[in-house]
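User: I would like to learn how to read a few features of a protein model. Could you take me through them one at a time?

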Amino acid sequence: MAPIPGSGLAKGLAVTLRTMTRKSVTAPYPDTQPDLPPRTRGVIGLFEENCTVCMLCARECPDWCIYIDSHKETVPAATPGGRERSRNVLDRFAIDFSLCMYCGICIEVCPFDALFWSPEFEYAETDIRDLTHERDKLREWMWTVPAPPALDPGAEEPKELAAARKTAEKLAAARTTEAAPPPVGTEPHADEQARAAESPTRPAGESKQQTDQPRQEGRE
Ligand code: SF4
Ligand code: SF4
């Protein structure tokens with residue numbers, strides 16, 4: 001059956017009239033900020049304290065747009081007679097967001113939780129070369145990463161939290177020991193304290209030999 005002449009126009013006008021009476025779904029950005037989901041893949045933040053320069057992210061990135069430079073540093077032995085260790089120190093960490101395809105592989109493969117998605121998206125540039133962002137900028141974006149969701153009630157505490165608490169307790173104990181008064185028997189003797197009071201240049205507990213030594217050295 002042939003269409004009635006003008007029916008297409010009538011249908012089009014009906015759609016126009018229907019849409020005119022509905023609330024607009026477009027938002028006038030940037031006056032109105034978009035309401036994005038908190039886990040939006042906006043940009044990648046770097047928590048460089050966690051980065052061990054293992055290079056896994058750079059190797060796995062399909063676009064080869066992660067640039068890492070580092071050097072080796074020798075760490076002295078922790079115990080007397082122990083062996084020195086060497087560790088990687090991060091010199092440069094940059095991501096070229098003009099190449100990045102936001103696949104998230106680098107974040108998934110990082111074994112040390114050093115990379116995170118941030119919902120920040122306002123980093124457009126007029127020059128493509130300015131889309132390579134260095135570690136300072138990536139670190140700045142780290143502070144826009146939303147906090148992780150709360151644990152289920154009754155869930156086991158993550159081992160990272162337990163380890164962090166242990167370290168904090170050790171540090172607190174070490175500070176308390178430093179601040180505590182010296183044990184009984186190690187204070188300067190009473191007559192030594194009296195001598196120290198007579199001689200204001202000689203601190204209590206310091207022997208005469210110790211205080212005289214620099215003067216003798218000065219004479220030599
Ligand atoms: S999100 Fe994908 S493309 Fe972008 S830097 Fe990471 S691995 Fe490379
Ligand atoms: S995978 Fe993680 S720890 Fe390894 S270099 Fe990349 S960001 Fe650093």
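Analyst: Start with exposure: a residue is buried under 20% relative accessible area, exposed over 50%, and partly exposed in between, using a 1.4 Å probe and protein chains only. Tyr 102, at 25% relative accessibility, counts as partly exposed. This is a predicted model, in which local features need pLDDT of at least 70, side-chain atom pairs count only at pLDDT 80 or more, and totals for chains, interfaces and linings use all residues. Residues are numbered from 1 along each chain as its sequence is written, chains are lettered from A and ligands numbered from 1 in the order in which they are written, and side-chain values use heavy atoms, without hydrogens and water.

User: Where does Tyr 102 lie?

Analyst: Helices (H or I, at least four residues) and strands (E, at least two) are DSSP runs, numbered from the N terminus. Tyr 102 lies in the loop between strand 3 (85-96) and helix 3 (105-109).

User: What should I look for in the backbone?

Analyst: Most residues other than glycine have a negative phi, and most peptide bonds are trans. Tyr 102 has a positive phi of about 60 degrees. Val 53 also has a positive phi, about 55 degrees, and is buried at 6% relative accessible area. The peptide bond from Tyr 29 to Pro 30 is cis, with omega near 10 degrees.

User: How many bridges join strand 2 to strand 3?

Analyst: Two strands pair if DSSP finds at least two bridges between them. Here 10 bridges join strand 2 to strand 3, and the two run antiparallel. One bridge links Ser 70 to Leu 90 in strand 3.
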